[in-house]
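Open the model in your viewer and keep the sequence panel at hand. We will go from stop to stop, and at each one you will hear what to select and what is there.

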Amino acid sequence: MSELDNIIAPEIKNDAFYSAIVRLAREEKLTNVLEIGSSAGGGSTEAFVNGLKDNPHHPRLFCLEVSRVRFQELKNRYAQYPFVHCYNASSVPLSAFPSAEAVAQFYRCTHSKLNQYPLQEVLRWLEQDRRYIQSEPVPQDGIARIMREHSITHFDMVLIDGSEFLGRAEFELIKGARIILLDDICTYKNHEVHQLLLADDQYELIEEDQFTRNGYSIFRRKQPAIAASQSAAEEVVAAVQQWPATALTMQAIKNHRQPKPAAPHKLPIHFFTIVLNGEPFIRHHIEQFKKLSGPWHWHIVEGLAAHAHDTAWSLENGGRIDSSLHDQARSNDGTSGYLDELARQYPQQVTVYRKAPGELWDGKLEMVRAPLPNIRSTALLWQVDSDELWTTDQIERMEQLFREQPTKTAAWFWCWYYVGPELVVGTRLGYAENPNQEWLRVWRYSPGMQWVAHEPPILATRDESGRYLDVGRINPFVHDEMERHGLVFQHPSYVNESQLRFKELYYGYKDAVKHWRRLQEQSYFPQKLREYFPWVKDDTMVVKAASMGLPPIFSAGSPTGIPAPATSPAQVTVSAFRPRIAIDGVFFQYKRTGIARLWSNYLQQWAAAQCASDILLLDRGGSCPKFDNIKSISVPLYDGARGDEDKRFLEQLLQAQGCSLFVSTYYTSPLNTPSVQMVYDLIPEALKWDMQSASDWRDKQHAIRRAQGFICISQHTLHDLMRFYPEVQGRAAIVAYPAVSSAEFSPASASEVDRFLKSHRIEHPYFLMVGPDVGYKNAEMFFEAFHSLPCKDGFEVALVGGHLHDHALSILKGQARVRRVQWDDKELRLAYSGAAALVYPSRYEGFGLPLLEAMACDCPVITTPFTSIPEVAGEAALFVTSAAELADALCEVQKPAIRNELKRRGSEQLKKFSWSSSAQQITSFLRGFLPQTNLVQLDEHPVQNSFEAAARPQA
């Protein structure tokens, strides 16, 4: 029986790819969907079915599986779903398989996750697949057969997840599909297909994650630039549709009539606003405009638009024009009177456009067209909605950029999108922050340009050949470019009930007021916006504005009731949204032992480096130390009994903060965000503790198994990690040794030691043990050895920390003064400096930091040659394996020549360990897990056009 007939656990299951399949299957307009490689139907097939059964267009799903055993399971599982059609066939003929030489060439020349396996194993898989098709009576034209039998020219959506070796051949048959989903883009299967689609101008990448299993990506075939508008603009729209979207680049710039070189004086700015009931926001704008140093004019179009053209979509939602919204098709909240006053006060700079009382505008398209006849020269045309807040400084900076770069045609922006007086959208590439649709707000306007759409806004111009071009996509400033200049505006779209009531009635957002109130009542953030706004379909997160360094949107101290937007938005936005690493400081909530010391030193190193701004420290209950230049955010204490809840919370928080990578100080983990785990030791596993008995150990197992990479504190720890968790073999891992800081541990002077001894009434030479217990720390060996010393009554013993029971001390009762103490680092430095020796007879260590601490204080070390200890101690210690050897060492270490030699070797050994070099090593390692960015410099590639425009315009 072939391995292909084994029923295997589903891989695409309850992860980000699974969720994306469900979402697309549910929301896209689909007719025919193909899944290549359905297996037994428990993974991606389940995701397709869960989405498609709720799709209003009633699409068909074709499932292709070559394994006869898996096919039978698949067919039985979905027998009750008539829209699921299962085929037992090979997707492509045997002749389409690649040669062994081609696979070997890929293996040797392309670094991929396939390299985790020996080449001979990979080639065995290839031969196994070939033999199965040769030996089993299954058709060899699965894809072609489905298309032929059902008269399908192109599929609407296809998942390529079949044989490891057939991705390219399958792609050639389904090329042209509207949506293509690729699994295993980091192996042979779809690595080449992924690269081909990235280079294909007809497709755009809408989702990618190289860290979920073997990586996945989703591509969408590009649509024409714009859809048809009203008849008056048919020629414009048709021409723009014919113009290839991919051509709106440098070639379009060459064809486009270039504006004349800018004159030394500033460009005039024509702001335009369409408004109905704009209080209190409308009052903000004039306070900013009137401080501008260059020419400006504000065109205000007031009134109510009919549900026509761009806004006709809201009729399907139940949108209506309710009498409570207007007064004869104009504002009923005082806005009309305020606009009249503005026009009287600024007659040369403010123009108000209205229809006759009671008359509706013919959609918003007519409204935005109204000012154009009055703009008779080249200028900046700037859309400022009544609830969009800009500062004078931002406007001046934007004008300067357009003047300095005369080929730029438009500008796209990010915004702070408020959904409450103190709440903002905290994530991007989703609702209200979709870079393919939002926010295009400024155009370089020349007379003759025409609006052909308003939602989204499309301003068109003719090139020299007479073709119409979308000005916003010819050569625009893009989002990230504007952000670097501080040009991120504030958009209080959902901050008072009157706004919500308007959206509820006019746009048909059912129960918007009720949902909004429920959101405002929450005290725990981040939250998923879709759980409060049903019209939101993605994973957009809401956070407190204060957590982003933003003020509440209303202020009693402001003349308009609205404070000016942040004075330094560039600093706020860049630091808030750049890809970052979240470090969960959970260990600090427990204790300040070696692990806490390790992380304190790393964080101090990073705080002084350029990468500090890329780190977000999660401060559990205020337990973390503070580090200059590293942003921290307060989060609840970790509760092991609520581990699943903590994972969900972490995932939401990471999405809200825009973090790309998660690192825990002690085995916490999120749901989906890629993680790197610091592994200290495998003591519970090595000593065969019950790993299911405590939540800490269960969390450790889960965190290790889902991590994409590992930082181990010794070679032995790395060895044990691979031994006890063989499933992680092949994943990225490094060894980064801890160190000691000279500021914390260094030789104390004789006077310092003398004062320390007197303060603790230590009257005899003493041996020091750090962290002793009766388990793997092996304190009994020391007690037995000490008991055998003939001169033991001339010594004392200091036991620092640990969990030593009274009965363990009975061995020494009446023979020596033994003290158990809890000394801080300052006292411990003095204790090392004055001790006869550090005795460290441990059977197992992940590293053994006390060994370095003792050496740093010129304290001789007696220890064992087990696990990681030789890596740390080198030749700078006396090694023992029995109580008898330890007794001899306790005598030897008192000899001046031995002591001096151990101190010298200790000083040399210390040079091998450095917090600085170790921190740099970790920085370089983590950099590899941040796609298209690094810890020091932002990736400057724009996200323009990388995500599909939303199906519905944002109101």
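Before you start, keep in mind that this is a predicted model.

**Stop 1: the open sheet**

Begin by colouring the strands β24, β23, β22, β25, β26, β27 and β28, which in that order make up an open sheet of seven strands with parallel pairing. Which strands stand at the edges? Select 631-635 for β24 and 732-735 for β28: each has a single partner strand, so one side of each is left without a neighbour in the sheet. Looking across the sheet, you will find neighbouring strands turned by 20 degrees against each other on average, direction ignored.

Now zoom in on one pair. Residues 659-664 are β25 and residues 675-679 are β26, and these two strands pair in the parallel sense over three bridges. Click on V663 and you will see V676 of β26 standing opposite.

**Stop 2: a helix across the sheet**

Select residues 915-927, which form helix α32. Helix α32 lies across β22 (580-584), β25, β26, β27 (709-712) and β28. Compared with β28, the helix runs at about 175 degrees.

**Stop 3: the cysteines**

How many disulfides does the structure hold? The count is zero. As a reminder, a disulfide is a covalent bond between the sulfur atoms of two cysteines. Select C859 together with C857: the sulfur of C857 is the closest cysteine sulfur to that of C859, but at 7.7 Å it is too far for a bond. C859 is buried, with a relative accessible area of 4%. Then pick C624, which is also buried, at a relative accessible area of 6%.

**Stop 4: two cis peptide bonds**

Go to E279 and P280, where the joining peptide bond is cis and omega is about 0 degrees. P280 sits in the loop between β8 (269-275) and α11 (282-289).

Next, select E455 and P456, whose peptide bond is cis too, with omega near 0 degrees. Here the loop runs between β16 (450-454) and β17 (457-462), and P456 lies in it.

**Stop 5: two positive phi values**

Select S151, a residue other than glycine whose phi is positive, near 55 degrees. You will find S151 in the loop between α6 (142-149) and β4 (157-160).

Finish at N778, which is not a glycine either and has a positive phi of about 70 degrees. N778 belongs to the loop between β29 (766-770) and α25 (779-787).

Technical notes
Residues are numbered from 1 along each chain as its sequence is written. This is a predicted model: local features need pLDDT of at least 70, side-chain atom pairs count only at pLDDT 80 or more; totals for chains, interfaces and linings use all residues. Side-chain values use heavy atoms; hydrogens and water are left out. Two strands pair if DSSP finds at least two bridges between them. Helices (H or I, at least four residues) and strands (E, at least two) are DSSP runs, numbered from the N terminus. Axes are lines fitted to C-alpha atoms, for helices over the stretch in contact, and angles run from 0 to 180 degrees between N-to-C directions. Contact means heavy atoms within 4.5 Å. A disulfide is a pair of cysteine sulfur atoms within 2.5 Å. Buried means under 20% relative accessible area, exposed over 50%, partly exposed in between (1.4 Å probe, protein chains only).
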